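Reader: Please show me how to read a few features of this model.

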Amino acid sequence: MALFVTAPASAGTTLGASAAEKGRYFGTAVAAYKLSENAYTTILNREFNMVTPENEMKIDATEPQQGRFSYASSEQIVNHARSRGMQVRGHTLAWHGQQPGWMQSMEGTALRTAMLNHITQVATHFKGQIYSWDVVNEAFADGNSGGRRDSNLQRTGNDWIEAAFRAARAADPGAKLCYNDYNTDNWTWAKTQGVYNMVRDFKARGVPIDCVGFQSHFNNDSPYASNYRTTLSSFAALGVDVQITELDIQGASADTYRRVVEDCLAVARCNGITVWGIRDSDSWRASQTPLLFNSNGSKKPAYDAVLAALNNGTTPPTTAPPTSVPPTTAPPTTAPPTTPPPGQGGCTATVTVNQWTGGFVANVRVTAGSSALNGWTVTITLPSGATVTNSWSANSSGTTGTTNWTNVSYNGRVGAGQSTEFGFQGTGTVGSPSPTCAAS
Ligand code: XIL
């Protein structure tokens, strides 16, 4: 006599299949050099339907020397995945980390050009093969500022992120374009609000962004918080997808893994979950044993919790848990960016300064008044001792004292109420200049 125990039709038996039944994916980070290991690929091929190259698509891997592109290990992963019906998250096109030496030593216009070329080349190379790209990774600062992280890319001008997204969209219009970061999971953290404000601004101004990646490396310093669902749903309400991109949890609490899955399932625009490695021994934080499989490949209690949560989950949730309701009142730090009132001369300018001992970077935002600009001139008087050494996205008349800045060919035309940015870098102390703007 044969006994057949059949699972309910809706219950998958692997992470990928169960997520798929909920219209989502379940992915993992993959290292190319492990693809020859049987124990590794057995679990990978059985459980996952999304793959992120753990290091192979980073800038140092894909452009080790300037202008020389190298795709062997990234293609190995892409081909392994796609030939088995798995999709690929591209990671990452622009980042302060894991830059090749030649890029680390670059600044200013040369770096901006090199970054855009890198994005164009790599996104074009993989065009049509990438589900979503982490276009920009980790651009915000930790701590309470809610602002950008200083980096050579940031110093090319505050618009480097939107420039990166535009280049990626032009190169591969079929890929979802994500901003990806860590410590952005807790809704009350300043960094989360900083990214939220940027995404809201991008959506308002038509910068091409489709998704936000939450790395979700949870540990004692950055623990899972019950407002995680609020974070996911609040970003989704801006009109972007949300993805959990690098999940690992120190100690791999089954309960915490379950809650993360439930939070994703509760948010319609949460596309899927990627864990940052397969077995604990594959983790970048192996000593924290943060993953779903033991080093010997056996399933941990966290695995069972995740699978059960995927199978039990409903979309949308039958009863909306209180925390899934997006905040009805805007959180204090999310006030819309203040747009300067239109000036009599047809435009206004504001300066944001990043000053350190002996040097500074100034970003200038030019905003058109009630009618469109066909060209503009911004005048900025520098205090004595301040000297401009480098600038971008504007032509300048001088380097000290009263400096005049005029548009370059591509940013003279600014629609009514719209803005464009330029910037400059210098030595000395710039103070808080009061720019004037005139239409030309
Ligand atoms: C990590 C990899 O897992 C390591 O192998 C590598 O040595 C360093 O980078 N945030 C990210 C990932 O976006 O790219 C990082 O991956 C982990 C943190």
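**Ligand shell, helix pair and backbone**

Author: Start with the shell, whose residues divide into three nonpolar, six polar and four charged. Here Ala, Val, Leu, Ile, Met, Phe, Trp, Tyr, Cys and Pro count as nonpolar, Asp, Glu, Lys and Arg as charged, and the others, Gly among them, as polar. This is a predicted model: local features need pLDDT of at least 70, side-chain atom pairs count only at pLDDT 80 or more, and totals for chains, interfaces and linings use all residues. Residues are numbered from 1 along each chain as its sequence is written, and side-chain values use heavy atoms, without hydrogens and water.

Reader: Which residues around the ligand come nearest?

Author: A residue is near if one of its heavy atoms lies within 4 Å of the molecule. Of the 13 residues around the ligand, Glu54, Lys58, His91, Glu246 and Trp276 come nearest.

Reader: How do helix H9 and helix H10 cross?

Author: Helices are DSSP runs (H or I, at least four residues), and strands are too (E, at least two), numbered from the N terminus. Axes are lines fitted to C-alpha atoms, for helices over the stretch in contact, with angles from 0 to 180 degrees between N-to-C directions. The axes of H9 (residues 228-236) and H10 (residues 254-266) come within 9 Å and cross at roughly 25°. H9 is therefore roughly parallel to H10, the term for angles under 35 degrees.

Reader: What about the backbone?

Author: Most residues other than glycine have a negative phi, and most peptide bonds are trans. The bond from His91 to Thr92 is cis, with omega near 5°, and Thr92 lies in strand S3 (residues 87-95). Phi of Asn183 is near 55°, a positive value.

Definitions and conventions:
Angles under 35 degrees count as roughly parallel, over 145 as roughly antiparallel, 65 to 115 as roughly perpendicular and the rest as oblique.
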